[in-house]
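Thanks for coming. I will go through one model this morning, starting with a strand pairing and ending with the core.

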Amino acid sequence: MAEQNILFRERQRFKQFWLSVVVVGVASIFWAGFVSQVLLGGSFGNNSVSNVQVILLFVLMGLGFPIFFYSMKLTTVVQPGELQVRFWPFHLRPKRILLHSVRDYERITYNPIREYGGWGIRWGFRGKAYNMSGNEGVQLHFYNRKPLLIGSQNAGKLFEAIRQAKEMKE
């Protein structure tokens, strides 16, 4: 991707405080089990499991889950004629959207929970959405498929970059 051809680039991460509380809360349960049973020699819970199982759960959920969660990011790039969306770690390569396939687009304010069931890669009655936080984005309407919402912390700039990118390629 040529750096001089980029009209817009945005990298987003989850910003919801309550989501961080949930992730830390879940991980802390496995940290407590690890410390209690493996390091202090006690048993964790009424039906304790072996130390090997506690260590495995600790590595997966106490370390792996927070690392996985905090490594997630949504990258949006607009270049002449195309938009790329990459939701790491689910997309190993960016999803390319050729702008000639976009019939129309609009800047919107939406309710992520009610309209799409939350944040992330979501499917709803209004189509598919890629969003990380907030409630603004650009909705793309295609000739031959359901709409796609790209959530953005800079929806106005994203909208303008898409407009420019479509004009440059047409």
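**Strands, one buried asparagine, and the core**

Lys128 has Leu148 as its bridge partner in β9. Strands here are DSSP runs of E with at least two residues, helices are runs of H or I with at least four residues, and both are numbered from the N terminus. Two strands pair if DSSP finds at least two bridges between them.

Before going on, the provenance. This is a predicted model, in which local features need pLDDT of at least 70 and side-chain atom pairs count only at pLDDT 80 or more, while totals for chains, interfaces and linings use all residues. Residues are numbered from 1 along each chain as its sequence is written, and side-chain values use heavy atoms, with hydrogens and water left out.

Back to the strands. β7 and β9 run parallel, joined by 3 bridges. On β6 (residues 120-124), β7 pairs antiparallel through 5 bridges, and a hairpin of 2 residues connects β6 to β7.

How much of β7 is buried? Of its 5 residues (127-131), 4 are buried, so the strand is largely enclosed by the rest of the structure. Buried means under 20% relative accessible area, exposed over 50%, and partly exposed in between, with a 1.4 Å probe and protein chains only.

Asn131 lies in β7 and counts as buried because its relative accessibility is 0%. Its side chain makes a polar contact of 3.2 Å with that of Tyr110. A polar contact is a pair of N or O atoms within 3.5 Å; within protein, one must be able to donate a hydrogen and the other to accept it, and residues adjacent in sequence count only if both atoms are side-chain atoms.

Next, β1 (residues 8-12). β1 runs antiparallel to β2, with 5 bridges; Gln12 is partnered with Leu74 in β2.

Finally, the largest nonpolar core, with 27 residues; among the members touching the most others are Phe14, Val78 and Leu140. Such a core is a set of buried Ala, Val, Leu, Ile, Met, Phe, Trp, Tyr and Cys residues joined through side-chain atoms within 4.5 Å. Its largest share, 4 residues, comes from α4. A second, separate core has 5 residues, including Tyr110 and Leu149.
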